[in-house]
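I am opening a notebook on this structure and will keep the entries in the order in which I looked things up.

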Amino acid sequence: MVSELRALIAYLSYSGNTEETAAYIGDYLNKEGITVEWHRIGIDALNDPAMYDLVFLGTFTWDKGATPDEVKDFVLEIGYKPENMVIFGTGETQFGGDELFCKAAEKLADFYGSSYPVLKIEQSPRGSQESKVEQWLEGVLNYAKSNA
Ligand SMILES: Cc1cc2nc3c(=O)[nH]c(=O)nc-3n(C[C@H](O)[C@H](O)[C@H](O)COP(=O)(O)O)c2cc1C
């Protein structure tokens, strides 16, 4: 299907899990005919989120539910709360159970008042969690297209 949606995928990843999730999201969006641009937080120059229909923002969680400093800087750099933020995160329940699992992603979604549910992935998305990513994306795109 050809779509006119444009998406930015911004993410921070140290050990690769969030990057793998971002790549999976990017592949899915490309297959749907959506134009995807990339932003590696802390590395790439930022484009205005208003240029995109959807801005996917991915982060891991650090230090008892903390948001990485680079992601906080990214939020400051944007400087306002775009309405098109879609948040995803990776984490590990072994670092604090359900309460702290992907807490940084949850906090970002709250901060932006995101219209979309938060995708939370335990470590790598590869394997059994791929269907979770796909179902989440299906819901995100249905909602985005119906509100375009
Ligand atoms: C010191 C440390 C603290 C962590 N704290 C949390 C946490 O509070 N909540 C959580 O869900 N994951 C926590 N994690 C797990 C990481 O978020 C998880 O491994 C994540 O997938 C790493 O992302 P990356 O591979 O993209 O760098 C922690 C990991 C480390 C090393």
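I began at Glu-99, which I found in helix α3, residues 97-100; helices are DSSP runs of H or I with at least four residues, strands are runs of E with at least two, and both are numbered from the N terminus. I noted that residues are numbered from 1 along each chain as its sequence is written. The model is predicted, so local features need pLDDT of at least 70 and side-chain atom pairs count only at pLDDT 80 or more, while totals for chains, interfaces and linings use all residues.

Is Glu-99 buried or exposed? I read it as exposed, because Glu-99 has 9 C-beta neighbours inside 10 Å; with C-beta atoms placed from the backbone, 12 or fewer others within 10 Å means exposed, 20 or more means buried, and anything in between is partly exposed. I also looked up Leu-54, 45 residues from Glu-99 along the chain, and the two C-alpha atoms are separated by 28 Å.

Turning to the whole chain, I found five helices and five strands, which follow the pattern β-α-β-β-α-β-α-α-β-α along the sequence. Of its 148 residues, 37% count as buried, and the C-alpha trace spans about 40 × 35 × 25 Å along its principal axes.

Last, I checked the UniProt record, where an unreviewed entry lists residues 7-141 as "domain: Flavodoxin-like"; positions there are given in the numbering used here, feature names are shortened, and annotations may be inferred rather than shown by experiment. Over residues 7-141 I noted 38% helix and 21% strand, with the end C-alpha atoms 11 Å apart.
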